[in-house]
Amino acid sequence: MSTKIPAGLILGMCVLCSHEFRVLTAVNHSGDEEFWFAGREDIHPFLGISKLTYLLTLGWLVLGKSKDAWNTIVKSHAGIDLREFAQSSTCPNCFPSVVPSRSSKKTPQRDIDVDPPAKVQSLLIKSNGDAKRVLVSEKKSASEILKCADVEYFYDRENGVFVYYSLDAAQESELPNVYGSALCNSYIAGDCLVISDLDSGLNRRSEYMNLTDDWFDPAILKMIQRCNTDADARAFLQQHKP
Ligand SMILES: [Zn+2]
């Protein structure tokens, strides 16, 4: 029997069925649409949520499921089932929502450009909590933006993005990048840069592509600010510095 490594973010155990409650980014989901699903062989069911909600949930977990972060940033973006779990720790299997589990509403597909964009929208996440849209191009590369010679990257499969970071920053006394570390699931110090190679049809391309709007939503920028200035999260990372 092979061991399956569960995908997605584990939010906790359901108090009724003792199964892990997990969320995944779901393709073509927008706003607070959620979709509950479980394969026949799957012990653990999943809740599909929009990318923005996923990115916010990632931050919420980093902050130790902070009540304040939930109420001020995450809650208004969460759908019924995610809210229910945050409130009562019961999964939709045990406590189904009245809303139909699957919506047929589709996100309008944008046309894919034939030519790759010369400059692409990327997100710079600074360790001090600032985050902003930056343009990356062949001329202005990741290493130039991160102001370092030695750049490494992590490919975040869940979100289809590369997270570029400086290799020197970990050695130097740079502050840990809390949100960046959560994205990469390992210690990252200093600033990092999120670049996508997925087109609007979610196909991998050989060029850089524009990041989707979710990454620049004011809510996610607020969440990054909260995570990267959180003293507890920083201290935790510094203790576990490789
Ligand atoms: Zn349950």
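Visitor: How many bridges join strand β2 to strand β4, and do they run parallel or antiparallel?

Guide: In this predicted model, β2, which covers residues 20-25, is joined to β4, residues 46-49, by four bridges, and the two strands run parallel. Within that pairing, Thr-25 stands opposite Ile-49 in β4.

Visitor: And what does β2 do with β1, parallel or antiparallel?

Guide: There the direction is antiparallel, again with four bridges joining β1 to β2, and Ile-10 has Arg-22 in β2 as its bridge partner. The two strands form a hairpin with six residues between them, and in the turn Ser-18 has a positive phi of about 65°.

Visitor: What's the strand order in that sheet?

Guide: The sheet is open and has four strands in the order β1-β2-β4-β3, with mixed pairing. Because β1 (9-13) and β3 (35-37) stand at the edges and each has a single partner strand, one side of each is left without a neighbour in the sheet. From one strand to the next, the twist averages 25°.

Visitor: Which strands does helix α1 touch?

Guide: Helix α1, residues 51-62, packs on the sheet and touches β1, β2 and β4, with its direction making about 135° with that of β2.

Visitor: Where does helix α3 lie?

Guide: Helix α3, which spans residues 80-88, lies across β1, β2, β3 and β4, and runs at about 125° to β4.

Visitor: Let's switch to helix pairs. At what angle do α1 and α2 pack?

Guide: Helix α2 covers residues 67-74, and it packs with α1 at an angle of about 160°, the axes being 9 Å apart. An angle over 145 degrees counts as roughly antiparallel, so α1 is roughly antiparallel to α2. Their crossing is right-handed.

Visitor: Which residues make the contact?

Guide: From α1 the contact is made by Leu-56, Thr-57, Gly-59 and Trp-60, while α2 contributes Ala-69, Trp-70, Ile-73 and Val-74.

Visitor: How many of those are nonpolar, polar or charged?

Guide: The residues of this contact between α1 and α2 divide into six nonpolar and two polar, with no charged residue.

Visitor: Now the whole chain: how many helices and strands are there?

Guide: The protein chain has eight helices and 10 strands, and buried residues make up 34% of its 242 residues.

Key:
Residues are numbered from 1 along each chain as its sequence is written. This is a predicted model: local features need pLDDT of at least 70, side-chain atom pairs count only at pLDDT 80 or more; totals for chains, interfaces and linings use all residues. Two strands pair if DSSP finds at least two bridges between them. Axes are lines fitted to C-alpha atoms, for helices over the stretch in contact, and angles run from 0 to 180 degrees between N-to-C directions. Two residues are in contact if their C-beta atoms, placed from the backbone, lie within 7 Å. A residue is buried if 20 or more other C-beta atoms lie within 10 Å of its own, exposed if 12 or fewer, and partly exposed in between; C-beta atoms are placed from the backbone. Angles under 35 degrees count as roughly parallel, over 145 as roughly antiparallel, 65 to 115 as roughly perpendicular and the rest as oblique. A crossing is left-handed if the near helix is turned anticlockwise from the far one by less than a right angle, and right-handed if clockwise. Ala, Val, Leu, Ile, Met, Phe, Trp, Tyr, Cys and Pro count as nonpolar, Asp, Glu, Lys and Arg as charged, and the others, Gly among them, as polar.
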